[in-house]
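Please open the model in your viewer and keep the selection panel at hand. The stops below each begin with something to select.

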Amino acid sequence: MSVTTTKQYTPLSPQQMVIRAIKRSLKSGGSLFTLAADTQAGVNAAHDAGVTGTWRFENNSHIIRLGVKFVDAITTTYPVRSQSGKDKRDIEFATQILRHEAWHGRVTERDLDAIAKQCRTRSIPFLLVNLMEDMRLEHLARRAEGKNFGWWKYMNIEEPTNPTHALMKMVLTESSYCTTFVDRTHKKAKEWRQKVVEFANRIKAAPSTWDVVDIAQEWLDYWHAEGWARKDHTVPKNKLVDGDIGGDRDGSELDMVKPQGSKSQSLQNNSSNSANVPFKSPTRVPIARFACHTGARPIVASEANAIAMEMRTIIARTASHRSARTSTSGSRLHIAGVASRSDRAFRSYGKTGGKPHLVALVDFSGSMAQDWDSHGRMFTAAVLRLLRSGDITGKLFATGGGMLAEIPLSMTDDQLLDVSPHLTGENIRDSLNALQQEVQDASAVLIYTDAELMDGHVDAGEWRRKGVDLVGTVVIPAYKSDSFRKDKTEKMQQHFGSHVTAENGKALARKLAQHLGARLR
């Protein structure tokens, strides 16, 4: 007579769940693996007993820590049928925390010391900025990936009692609706709810963490004017929203979480817990490799001449008022000049004779074919005219399909008709890296694209720290829906330091002419 035995399920310890979540996220398609691929930077993920989840950027690597505190954050009474089901749910929660931290790596300003210093200077609670940044990054994540984080599945969410608590509830419920945080009979109940939603929409649309700091300042000023005390802006204690990019001990202090000896079960030397996707240098090829005969509409020489003349006029007007100067530091971006065409709109680097030095990358992936035919080819023809006449200096490049080609200055309008975007992928990020010296020497770096970057996130913040401000350009036709327009704009904000948009090709070309002039002063 045989005896059948049932294998007893052994519950996982919190540390085991942390390690499993990290390994799952580092596999191909996981959030940490994708972060490494998108940012071309290493990802070092490990267990740290003292945290829930944290992110920082150090030595060209994303340092992500997940701790057993995440188990304490699970407060939901939602029933699970078995211990194995509970463990599975807990690991799913941990992987969502890692996904959240991975998105910090994509969109959050890497110089957190500078952010924290600004918060201290302006008496802005750092944890408030952290909360707002969480709202911004999760909005971007949902739009890019098409799925929620689902925090409400793991935790009970209390009703808010002040404006900041109401904002936090919007983050945790991933809702665009703000519940009341004062008695419904209060004369300002509706107005205040609408104000929280207004701030939330601005936070979601913020281009950078620096903009979030400004919004946090406005938030404090507004609610103070409405009679709310400073203590009412403290982010409520919550084991999930607990400052995953810093602490709040003095109301604004940055408290970076670092491994601490035996307390941190660091797996830094374990290759299974690191993800490093190498930079792929594009193959340098002649422009003939981008040949694609598509029956393109001919370039109207008079229109190309007119665009070139407008750029030439801006340059000449500026140069006539001041001599060229030599500088080796400072920002290349001068926003005021873009709108005003100020006589002080030029900024030169090195002895360039007062002429702007342009580097432009043109997206030659297949999705750009229509944009190239309708306006990209015309803009390129106009810039080539300025380069040949000596009004500006610089280079134009086509990028796509793992290749990079310089567009010769001698290329005629007819020859431009024989090249067209038709390749798989645009490799803009890799091309920028391959052109490090040219890009850093440029007065203006333009990225001519449709914003559908498939080959990886362009880290505008990293380039800005090198003194380069990338300017993305895209056409958004007037007939396109508001959601299409919003999507394109958000993508440009995510990838580039600044962006220029217009409703048609001619308007975009003229705006770029203005922007080019405004890059130097």
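Is strand β2 (residues 53-58) mostly covered or mostly exposed? Five of the six residues of β2 are buried, so it is mostly covered, where buried means under 20% relative accessible area with a 1.4 Å probe and protein chains only. This is a predicted model, in which local features need pLDDT of at least 70, side-chain atom pairs count only at pLDDT 80 or more, and totals for chains, interfaces and linings use all residues. Residues are numbered from 1 along each chain as its sequence is written, and side-chain values use heavy atoms, with hydrogens and water left out. Helices (H or I, at least four residues) and strands (E, at least two) are DSSP runs, numbered from the N terminus.

Now select helix α7 (residues 163-173) and helix α8 (residues 189-205), whose axes come within 10 Å and cross at roughly 55 degrees. Axes are lines fitted to C-alpha atoms, for helices over the stretch in contact, with angles from 0 to 180 degrees between N-to-C directions. Show side chains here: Pro163, Leu167 and Met170 in α7 meet Val196, Val197, Ala200 and Ile203 in α8, contact meaning heavy atoms within 4.5 Å.

Finally, select the open sheet of seven strands, ordered β5-β8-β7-β6-β9-β10-β11 with mixed pairing. β5 (283-284) and β11 (498-502) stand at the edges, each with a single partner strand, so one side of each has no neighbour in the sheet.

Technical notes. Buried < 20%, exposed > 50% of the residue type's maximum accessible area, 1.4 Å probe, protein only. Pairing = 2+ DSSP bridges.
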